[in-house]
Amino acid sequence: MSTNPSLNAQETAPAPQRPRRVFRRIRVTRVRQLTPHMVRVTFTGDDLAAFAWNGPAAHIKLVFPEEGQTEPEMPTPDGPRLKGVRTYTPRRFDPAVPELDVEFVLHGVGPASNWAAQAQVGQVLIVAGPGPSYQVDPTADWLMLVGDDTAIPAISSILEALPATLKAYVLLEVSDAAEERELSSAAPVELTWIHRGSNQPDVALEQALRNFKLPAGNGRVYVGAEAGVMRRMRHYLLKDLGLDASKIITRGYWKFGDTNYTDHDYGTD
Ligand SMILES: Cc1cc2nc3c(=O)[nH]c(=O)nc-3n(C[C@H](O)[C@H](O)[C@H](O)COP(=O)(O)OP(=O)(O)OC[C@H]3O[C@@H](n4cnc5c(N)ncnc54)[C@H](O)[C@@H]3O)c2cc1C
C-alpha cells in the first residue's frame, strides 16, 4: 500500500457511478397497425409525465413479460439481469396526457416482436430512458437519412424536428411497397423507398446509397440499420466518399443472428 495519504484517498474513493435508471410502469391505451409489419403502440402511466423527452432518435429500454408472467417484473438495482429487455425509439411523447408512442417492426422472432404482434389495450410494460438524442445541425445545407425499417421511427422523429431551411434526402429500406407510408416534415424531403423482398439484411440499402449522388456543401448523414450493413455503409461514406467522421452518425439497430443487440454500436471499431 502507498504511504502517500492523498494517493490512498484516491484509491479508496468510490468509482463515479452512472445515474441510476428510472423504470416506469406503462399501460397500453391504443394499438394501431401502420403497415403489415409495423405496429404503433401508445402507452400511458402514472409517472410517465416525468419522462424527459430530449429530442429525436433517442432510445428507450422496454422490459417485456417473460414466459408465464402477465406483466414484466420491475427491475431492481440488485436484482437479476432481466432477459426480456429490448431497445426502442420513443417515437412521440405528449407530457400533457401523458402518452408515449413506440413503433415496433414485426420481424417474426423474439420477445419484443412477438409481444407487439399481440399487443392489446391494458397490457403493461416497463420503460427506462430516454438515452441521448440526435442533435440536428441547423447550419448544415443538407441532411441524408438512411435506414431500414427499425430506424423508421428514429428517422421520422428527426424529420419532424428539422427546420424548413434544411433539405433532407431519405433512403428507407422495407420489405415491399405495402410497408411504405407518409412521413411528415417542415423541411423539403426527397424520399426514396427501397424494397428488399425479405426480412434478411442484404445489399439493397447499401446499393441505393452507393447509387445516390450526394450534393456538394455542408452535409450531415445519419444511418440506422443492421450492424453489418451499417458498417459497410460507414466504410463507403468515410473511405470511398471521404466524408469527415464528425459529420456522420451510424448506428447498428440490430444484428443478424444476435438477440437483444447493444444500444451503442456506432460502427466506430
Ligand atoms: C437505438 C435503437 C433504437 C431502436 N428502435 C427501434 C424501433 O423504434 N422500432 C423497432 O422495431 N426496432 C428498433 N430497434 C431495433 C430492435 O431493438 C431490435 O430489432 C430487437 O432485436 C428487437 O427485439 P426482438 O425481441 O424482437 O428480437 P431479438 O430477440 O433481439 O432477436 C431475435 C432474432 O431476430 C433477429 N432480428 C432482430 N431484429 C430484426 C429485424 N428488424 N429484422 C429481422 N430480424 C431481426 C435477430 O437477429 C435474432 O436472430 C432499435 C434498436 C436500437 C439499437
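This is a predicted model: local features need pLDDT of at least 70, side-chain atom pairs count only at pLDDT 80 or more; totals for chains, interfaces and linings use all residues.
With that, let's begin at strand β3, residues 60-63, which pairs with β4 in the antiparallel sense over 4 bridges. Now follow β4 itself, residues 85-88, where the side chains alternate.

On to the cores. In soluble globular proteins, nonpolar side chains tend to be buried together. Here, the largest nonpolar core has 34 residues, and among those with the most contacts inside it are Leu145, Val146, Ile155 and Met233. Elements giving two or more residues to this core include β8 (142-148), α3 (152-161) and β11 (219-226). And which element gives the largest share? That's β9, with 6 residues.

Let's zoom in on Val146. Leaving aside its neighbours within four places in sequence, Val146 is in contact with Leu171, Leu205, Leu209, Val221, Val223 and Met233. There is also a second, separate core of 22 residues, which includes Ile26, Val63, Phe64 and Leu100.

Last stop: helix α3. How many of its 10 residues are buried? The count is 8, so to speak a mostly covered helix. Ile152, Pro153 and Ala154 are among the buried ones, and the buried residues of α3 pack against β6 (99-105), β8, β9, β10 (189-195) and β11.

How values were computed
Residues are numbered from 1 along each chain as its sequence is written. A residue is buried if 20 or more other C-beta atoms lie within 10 Å of its own, exposed if 12 or fewer, and partly exposed in between; C-beta atoms are placed from the backbone. Two strands pair if DSSP finds at least two bridges between them. A nonpolar core is a set of buried Ala, Val, Leu, Ile, Met, Phe, Trp, Tyr and Cys residues joined through C-beta atoms within 7 Å. Two residues are in contact if their C-beta atoms, placed from the backbone, lie within 7 Å.
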